[in-house]
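Colleague: I would like to learn how to read a model of this kind, taking one feature at a time. Could you give me the general idea first and then the case at hand?

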Amino acid sequence: MNLRELGERIQTAREEKKLSQEQLANAIGCSQSALSNYEKGKRRIYLSLLEKLSEILDKPLNYFVENFEEANDDLPLANLDSNLVLRIINNIYSLDQEQIKEVDLYIQYLLWKKDRG
Amino acid sequence: MMDLTINNYQKQLIETIRKLSEQEIKPFCLKKDFSKTQAFDWHLVKLLGELNLVCPTIPVEYGGLGLDMFTIGLIIEEISVASPSLAAIVETNVHFAQPIILAGSNYQKETILPKLTGTDACLSSFALTEVTGGSDVKSMMTCARKISNGFILNGRKEYILNAPEAEYILLFAFTDPLHKKSSLRGFIIPRTISGLRIGHINEMAVLDYAQMAEIIFDHIEIGPDMILKETEPYSGYFLLTQTMDIGRVLTAATAVGIARAAYEIAFDFSNQRIQFDRKIRNHQAVSHSLVDMATKIEMARLMTWKACWLIDQGDDYTIASAMAKLSASAIAQEVTAAASNILGAKALIKGSFMDRLTNDARMLSTIEGTNNILRNIIASLL
């Protein structure tokens, strides 16, 4: 998801709420052309405005921003367990240099094994 | 309609800082030997503290001056003419305070913001860059793991301004390694917290008066009161981009100050130096070079002012802010190079003011979003 897709979500939520661009622009305190640019992904959107949109359009903040990434950021990691990866990263900080090198060697071994099929 | 009029208060502020710069800041910087890392000297920060300018964005209700970005842009240019590093110290404080002003809880505002005001104002840091990168958020390694009552933070930040003396550090860390951007959270870390260490001090060829260092976060436990937007887990990235987009306009103002300082030195020198029986300023090659410098500085200043004005209006400032920094940093590099050419060998004396300005100008295209990253931002919004 990127700025353009975020804009599309705003437009969808606005239409669900049956608001015109002008009505929503008035409600969030910006011009209609500014709102149009937000919906087209032509203007960066900041937290304070997202919070207003969230309130007026009756959507939780994560409706707009969950999994927000810039273009080309999609990683083929959807099936991984986030908590597990985070625990591994966290634990690495508790290791000393030699142990980190051992972890690195083991990862390289696993990658080598994977490459061989 | 855009209004770039400088009012009486702003004129007075500029005059005060100009006098302080000439009488105190510049002589202090020229006298001091910054060639070796040594304990931070608070003298210049204290001078700004007396004017309540260590963090000029702090709202009046928290003891600050609550200045708008246009006024702060004027101040930063003025300080940068005498000491870009002192300006960088102020900018770092502004960066630190911005997310708290924008999205902090009442508790965070009441307990932290007043500490950045007045004669005893503390310093703070805004920690983003890591060894693995700064421009690419995905390369960030500092992570925060949710626990029942807050987060456990691990990681290292590098090249962090004010770090050796900072009383508070504001940083962003990811909370989900698979969705780094959307899981970014902002944390406020008191210096005294268990597990925080200041690592090596970076010996830099730039920003002589300011200090940069590595900060190590080793299993730091952060309670909910020090998490920005504690109840909004998806808020961090959008708060970070806003902070950066506002803050980089001040780097543009620093660039204008550096360019102006270099131009003024070259201008004065060209009025004194006699070659071929006349002042070199009267040689067309030199006078044209001075004209080009003055013109470029004016361009950079107007772009900076426009971006500041848009920020103050709450209008769309993303592109204007990025363009101002992109353009002003390039202009500062061009002007310091051109000014050095006019000064000749004098510009090459190690530790001379022109030498320092040239070094500081080199830094401008790297900090606050590299110029290539800014081009990416602008391109995505055209």
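Modeller: Let us begin with burial: of the 117 residues of chain A, 33% count as buried, where buried means under 20% relative accessible area, exposed means over 50%, and partly exposed lies in between (1.4 Å probe, protein chains only). This is a predicted model, in which local features need pLDDT of at least 70 and side-chain atom pairs count only at pLDDT 80 or more, while totals for chains, interfaces and linings use all residues. Residues are numbered from 1 along each chain as its sequence is written, chains are lettered from A and ligands numbered from 1 in the order in which they are written, and side-chain values use heavy atoms, with hydrogens and water left out.

Colleague: Which secondary structure does chain A have?

Modeller: Helices (H or I, at least four residues) and strands (E, at least two) are DSSP runs, numbered from the N terminus. By that rule chain A comes to 7 helices and 0 strands. As for its contacts, meaning heavy atoms within 4.5 Å, residues 24 or more positions apart account for 61% of those in chain A with a separation of 6 or more.

Colleague: How should I read the interface, and what area is buried between chain A and chain B?

Modeller: The size of an interface is often given as the accessible area lost when the parts come together. Buried area here is the accessible area (1.4 Å probe) that two parts lose on being put together, summed over both. Between chain A and chain B about 3,200 Å² is buried, of which carbon and sulfur atoms give 58%, and the contact takes 31 residues from chain A and 39 residues from chain B. Of the area that chain A buries against chain B, A:Arg44, A:Tyr46 and A:Tyr93 supply 22%, more than any other three residues.

Colleague: How many salt bridges does the rule find across that interface?

Modeller: Side chains of opposite charge can pair when their charged atoms come close. The rule asks for a side-chain nitrogen of Lys or Arg within 4 Å of a carboxyl oxygen of Asp or Glu, and across the interface of chain A and chain B it finds 3 salt bridges. One of them pairs A:Arg43 with B:Asp316, whose closest N and O atoms are 3.6 Å apart.

Colleague: Into which domains is chain B divided?

Modeller: Domain bounds come from an automatic or database domain assignment, which gives domain 1 (8-116), domain 2 (124-235) and domain 3 (237-381) of chain B. The centres of domain 1 and domain 2 of chain B, taken over C-alpha atoms, are separated by 22 Å, and 30 residues of domain 1 are in contact with 23 residues of domain 2. These two domains of chain B bury about 2,300 Å² between them, 67% of it on carbon and sulfur atoms, and the count of salt bridges between them is 0. On the side of domain 1 of chain B that touches domain 2, helix 2 (43-50), helix 4 (84-103) and helix 5 (106-112) of chain B each supply at least two residues, and helix 4 of chain B gives the largest share, 12 residues.

Colleague: What covers the buried residues of helix 2 of chain B?

Modeller: The buried residues of helix 2 of chain B are B:Leu44, B:Val45, B:Leu47, B:Leu48 and B:Gly49, and what covers them includes helix 1 (8-31), helix 3 (69-82) and helix 4 of chain B. B:Lys46 is partly exposed, with a relative accessible area of 33%, whereas B:Asp120 is exposed, at 63%.

Colleague: Where do B:Asp245 and B:Arg248 lie?

Modeller: An α-helix has 3.6 residues a turn, so residues three or four places apart point the same way. B:Asp245 and B:Arg248 are 3 residues apart in helix 6 (residues 236-272) of chain B, and are therefore separated by about one helical turn. They form a salt bridge, with the closest N and O atoms 2.6 Å apart, and both B:Asp245 and B:Arg248 are buried.
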